[in-house]
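Student: I've just opened this one and I'm new to it. Can you walk me through it?

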Amino acid sequence: MAEKEQQQAFPLAPTNGYARSDAEAATTNTEELRRQKRKKYLIYFAAFVIFQTLIIVLFSLTVMKVKTPKFRVRSSSSINTFDVPQTNTSFTLNAQFGVKNTNFGPYKYDSTTVDFLYNGIQVGSAVIPKSKANFLSTKKINVPVDLNLSGSTSNSEILTLTSTARLSGKVELMLIMKKKKAVNMNCTMDVNTRTRELLNVTCK
């Protein structure tokens with residue numbers, strides 16, 4: 001009788017102990033899973049921030065970086081109406097100028113004048129009208145220039161000319177940012193009076 005009463009007093013003790021152990025284990029597993037998820041989220045967020053930072057830096061160094069355009073006389077220029085008397089050389093230079101824009105936005109420039117010099121003396125000029133060079137392209141401008149080289153003789157087979165100018169304008173990026181950019185032209189070229197060719201065009 002005493003044994004029965006003792007058994008009835010503690011019938012569920014072992015079962016409750018196992019239940020508590022299972023519940024604690026389940027809780028521990030759940031918390032561990034949550035910690036792992038939080039850790040993954042933090043890793044993903046850090047990777048996203050680093051990726052975005054790299055994209056912004058790359059964008060700033062390439063697309064948003066404003067470069068100075070180039071303005072020069074192109075070697076495709078030609079010569080016609082050539083006249084070489086004893087005391088004077090005059091001819092018309094079919095000059096082709098180029099405005100090279102390597103930016104990711106158009107370069108809008110103002111009109112300017114290109115001066116041609118021989119031995120430091122101005123012998124002609126060309127007017128470049130106001131226009132624009134589209135992004136990542138070269139704007140070509142064809143202008144006839146009348147040149148008169150007083151004092152040169154027919155014995156001068158090679159005449160060295162210099163062209164100078166300053167082109168001012170603005171580079172427009174993303175339709176919101178505008179950056180002023182000015183470029184100087186300083187080109188030298190040789191004119192062969194015998195073959196009527198423009199040679200050795202070099203620009204700084």
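Tutor: One term to start with: exposed means over 50% relative accessible area, buried means under 20%, and partly exposed is in between (1.4 Å probe, protein chains only). The model is predicted, so to speak of local features we need pLDDT of at least 70, and side-chain atom pairs count only at pLDDT 80 or more, while totals for chains, interfaces and linings use all residues. Residues are numbered from 1 along each chain as its sequence is written, and side-chain values use heavy atoms, without hydrogens and water.

Student: Okay. Is Arg194 buried or exposed?

Tutor: Arg194 is exposed, with a relative accessible area of 60%.

Student: And what does Arg194 form a salt bridge with?

Tutor: Its partner is Glu157, and the closest N and O atoms are 3.5 Å apart. Glu157 sits in the loop between strand S8 (137-150) and S9, and Arg194 in the loop between S10 and strand S11 (197-203), so the pair ties together parts 37 residues apart in sequence. A salt bridge here is a side-chain nitrogen of Lys or Arg within 4 Å of a carboxyl oxygen of Asp or Glu. Strands are DSSP runs of E with at least two residues; helices are runs of H or I with at least four; both are numbered from the N terminus.

Student: Is Glu157 buried or exposed, or partly exposed?

Tutor: Glu157 is partly exposed, at 36% relative accessibility.

Student: How many salt bridges does the count come to?

Tutor: Three. One joins Glu172 and Lys108, with the closest N and O atoms 3.8 Å apart. That pair links distant parts of the chain: Glu172 is in strand S9, Lys108 is in strand S4, and they are 64 residues apart.

Student: What about Lys178? Which side chain does it meet?

Tutor: Glu172, again at 3.8 Å from N to O. Shared partners join Lys108, Glu172 and Lys178 into one network.

Student: How accessible is each of those?

Tutor: Glu172 is buried, at 14% relative accessibility. Lys108 is partly exposed at 41%. Lys178 is exposed at 55%.

Student: New topic. Which strand does S4 join?

Tutor: S4 (residues 107-109) joins S9 (residues 158-173) through three bridges, and they run antiparallel. Strands pair when DSSP finds at least two bridges between them. Tyr109 stands opposite Gly169 in S9.

Student: How many bridges pair S5 with S9?

Tutor: Four, in the antiparallel sense, with S5 covering residues 112-118. Tyr118 has Leu161 in S9 as its bridge partner.

Student: And how many bridges join S9 to S10?

Tutor: 16, with S10 at residues 177-192 and the two strands antiparallel. Ala165 has Met185 in S10 as its bridge partner. The hairpin of S9 and S10 has three residues between the strands, and Met174 there takes a positive phi near 55 degrees.

Student: Which residues form the nonpolar patch on the surface?

Tutor: Met174, Leu175, Ile176 and Met177, with about 480 Å² of accessible area together. Ile176 lies in the loop between S9 and S10 and is exposed at 75% relative accessible area. Patch members have over 30% relative accessible area and no salt bridge; like charges are joined within 9 Å, nonpolar side chains (Val, Leu, Ile, Met, Phe, Trp, Tyr) within 5 Å. Areas come from the Shrake-Rupley method with a 1.4 Å probe, and for residues only the protein chains shown count as cover.

Student: Which residues gather in the patch of positive charge?

Tutor: Arg34, Lys37, Arg38 and Lys40, on the surface. Lys and Arg count as positive, Asp and Glu as negative; His and the chain ends are not counted. Each charge is placed at NZ of Lys, CZ of Arg, CG of Asp or CD of Glu. Arg34 lies in helix H2 (residues 13-61) and is exposed at 52%.
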